[in-house]
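Keep the picture open while you read.

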Amino acid sequence: MLLAIDVGNTNFTVGLFDGEKIKHKFRLTTNLPRTSDEFGGQIVEQLAHQKVQPEDVKNVIICSVVPKIMYSLTSGIKKYLHCEPMVVGQETKSGIRIATTNPMEMGADRVADAAGAYFLYGGPVIVIDYGTATTYDLVTGDGSLIAGVTVPGIRISANALWSNAAKLPEIEIVKPKSILAKTTITSMQAGLVYGTIGQTEYIIDEFRKESGYSDAKVVATGGLGRIISEGTMKIDVYNDELTLQGMRIIYEKTMGEQVK
C-alpha cells in the first residue's frame, strides 16, 4: 500500500491507498515541534488503530510546503516504516507542465492539486484549494498550469478579524441562513462565507474571460471548501481527497507503475 502525506501550513493529512482508493485517512497538527521518533511513532500508532502494520506500507510519498519539518518527518518514516519516501519536487514527473513565469515558485501542493483535477476530471480546469491560503490555478486542455491566484484563507481572514478588533469574538465559520445578518456573530460569518463565495465567483469568471476557456470545469478541495462549494453553482466538483489523489497519480507517473 502507498502512504501519501500532504504537509500543509496548519495540518498534515495522511492517506493510505489500497489501489486507487483511500482506505484510511487521518490528520495531525503541523505547527507542533516533533522529533523523528514522534513523527514516526504517531504515524505508526494511527495506522495501528486501523489494524495496519508498518510492513503493510510499501511506499511513501510526501507533498510539503513546510521545509522546516521535513528532516524529522522523513527520518521518522525511514526509521518506523523502513522505506525511503518520495518527496514531490521540481524533478518529479507530475504530468503537469508548469507554464508560469517562474516554475520553481510553484508549490508542491498546487502541483498535486492540478494533477488530481486534470487527470480525474480533464481540462481545461480551474482548481481551487481552500487551505491556509486559498489558491486558484488554471490548467489547460493539454495539462499546462498557466496561471494562479493566491489570497488569504478563510481562517486567516477570520483570525485577523478577532485578533485586531477588540470587540469582535472568536466564532465558528459556518454559513448563516441569510446575508441579512442581525447579530455580530452572524455578520462576521456572513462576511467570511458570502465574501469568499463572491470572491470565488469573480475569480472564476475572470479566469474564464481572460483565458478564453469559457467552458473550464471548476474543481475545489480544502477543509472549508465544502461550505463554499455548497453556496455557489460555479463549482462543479468538490473533492476533499483531491490533493492525496494527485499525489497517487504523481507517484504512479514517476515510478511507472500503479499503486497496489
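Two strands count as paired if DSSP finds at least two bridges between them. Keep in mind that this is a predicted model.

## Strand S1 and its partners

Start with S1, which covers residues 2–7. A hairpin of three residues joins S1 to S2, and these strands pair in the antiparallel sense over six bridges. For example, Leu2 has Phe17 in S2 as its bridge partner. S1 also runs parallel to S4 (residues 59–64), with six bridges joining them. Here Ile5 stands opposite Ile62.

How buried is S1? Six of its six residues are buried, so S1 is largely enclosed by the rest of the structure. In a regular strand, side chains alternate between the two faces of the sheet. You can follow that here: Leu2, Ala4 and Asp6 point one way, while Leu3, Ile5 and Val7 point the other way.

## The six-stranded sheet

Now find the open sheet with the strand order S6-S9-S8-S7-S10-S11 and mixed pairing. S6 (97–98) and S11 (237–238) sit at the edges with a single partner strand each, so one side of each has no neighbour in the sheet. Helix H3 (residues 108–121) packs on this sheet, touching S6, S7, S8, S9, S10 and S11. The direction of H3 makes about 135° with that of S7.

Within the sheet, S8 (residues 133–139) and S9 (residues 144–152) pair in the antiparallel sense over seven bridges. Tyr136 has Val149 in S9 as its bridge partner. Another helix, H5 (residues 184–211), lies across S7, S8, S9 and S10 and runs at about 20° to S8.

Technical notes. Residues are numbered from 1 along each chain as its sequence is written. This is a predicted model: local features need pLDDT of at least 70, side-chain atom pairs count only at pLDDT 80 or more; totals for chains, interfaces and linings use all residues. Side-chain values use heavy atoms; hydrogens and water are left out. Helices (H or I, at least four residues) and strands (E, at least two) are DSSP runs, numbered from the N terminus. Contact means heavy atoms within 4.5 Å. Axes are lines fitted to C-alpha atoms, for helices over the stretch in contact, and angles run from 0 to 180 degrees between N-to-C directions. Buried means under 20% relative accessible area, exposed over 50%, partly exposed in between (1.4 Å probe, protein chains only).
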